[in-house]
Amino acid sequence: MSDADVVDSSRLRQHKATALKILVVAALYYATARLGLLQQLVRGQVTPLWPPTGIAVAALLLFGMRIWPGIAVGALVVNASIGPTVVSVLAIVVGNTAAPICSYLLLNRARFRNDLDRLQDALALIFLGALGPMMISATVGSSTLVLSGALPAGGFWPTWSVWWTGDAMGVMVVTPFLLVARRARWPHDVGLLIWAEAAALATCTLSVTYLVTNSASSSLLFLVFPFLVWASFRFERAGAAPCALGVSTLAILASGRMTGPFAHHDLLTNMVTLQAFNGTVSLTALLLTAVVTERNRTHEEIQRVCAQLADAVKRQETGGSRRAPPDA
């Protein structure tokens, strides 16, 4: 086989692998979109949690720009059955595709690291990956629905708030979970007490979150934060990301039912409350995890340097004693 044949064969395998990734991304986008639509609040297609956006941003961060067609195809298949007109569907697909791409470009420019082990990575994901770029899809989608006559003009801002909240929440809670999950390995040599602590953390987090999201007092929402602190300090990213996902999901379900702190308020007020709460949850989990990880890394580096210095001093003392002249 000639060198040209080897190169062509390698390129063919790369193209096949890329095509497979595109299909997987499109399938995951569609499947999670159907789940997200179970909590739709506006016109059967606008929901306060849109997991496909989180999957799209994670896929771009992991595989690069070459998988963007998977996002577009997934968005097209989802919106084809719920969009008011063909032109509207295409416009919404463009917005849903452009927002994750914008997130990826901004994060790439900020030198974002997928390990989420630095404070700047946590801040970048929230502000450059979620809050800012997701205004694109919310604005394009809400404007399209109003211009097509599917929504009255007065429904723009409530719809925009739900759309923006859903896309931003997808990036804030789903993307970190996926980035952490891809590196997850089954822990070995973990004692029974650690497993018991992890089970207690999960049980307490979900139980308390369920209680406070079904309580009429919004002031009780702060009770979930000690558990996020617990998860961040004891289990770092492996604990904080799932906890933040669970807390945010339960809060979103409560907002969809308009129960607990989300009862007796209009849609816009609930979306502002939900965005503020879930944004604070994600920010707390990501920032604390980054700080703890950096602290542990610094501690390990100090220990390594101290061990090297101790070895160097020991070698120096040993070498000096060997070169010392014998006593007369």
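Helices (H or I, at least four residues) and strands (E, at least two) are DSSP runs, numbered from the N terminus. This is a predicted model, in which local features need pLDDT of at least 70, side-chain atom pairs count only at pLDDT 80 or more, and totals for chains, interfaces and linings use all residues. Residues are numbered from 1 along each chain as its sequence is written, and side-chain values use heavy atoms, with hydrogens and water left out.

The protein chain has 10 helices and zero strands, and its pattern along the sequence reads α-α-α-α-α-α-α-α-α-α. Of the 328 residues in the protein chain, 44% are buried, where buried means under 20% relative accessible area, exposed over 50%, and partly exposed in between (1.4 Å probe, protein chains only). Contact means heavy atoms within 4.5 Å. Among contacts in the protein chain between residues at least 6 apart in sequence, 74% join residues at least 24 apart.

| Residue | Helix | Relative accessibility |
|---|---|---|
| Ser103 | α4 (residues 86–109) | 0% |
| Thr144 | α6 (residues 134–147) | 12% |

Leaving aside residues up to four places away in sequence, Ser103 touches Val57, Leu128, Gly129, Pro133 and Met134. With the same exclusion of residues up to four places away in sequence, Thr144 touches Ser88, Ala91 and Ile92. A polar atom of the Thr144 side chain also lies 2.6 Å from the backbone oxygen of Val140. A polar contact is a pair of N or O atoms within 3.5 Å; within protein, one must be able to donate a hydrogen and the other to accept it, and residues adjacent in sequence count only if both atoms are side-chain atoms.

Two packed helices are described by the angle between their axes and the distance between the axes. Helix α5 (residues 119–131) packs on helix α7 (residues 156–181) at an angle of about 140°, and their axes are 9 Å apart. α5 is therefore oblique to α7. Axes are lines fitted to C-alpha atoms, for helices over the stretch in contact, and angles run from 0 to 180 degrees between N-to-C directions. Angles under 35 degrees count as roughly parallel, over 145 as roughly antiparallel, 65 to 115 as roughly perpendicular and the rest as oblique.

On the α5 side, the contact is made by Leu125, Ile126, Gly129, Ala130 and Leu131; on the α7 side, by Trp164, Ala168, Val171, Met172, Thr175 and Pro176. Sorted by class, these are nine nonpolar, two polar and no charged residues, with Ala, Val, Leu, Ile, Met, Phe, Trp, Tyr, Cys and Pro counted as nonpolar, Asp, Glu, Lys and Arg as charged, and the others, Gly among them, as polar.
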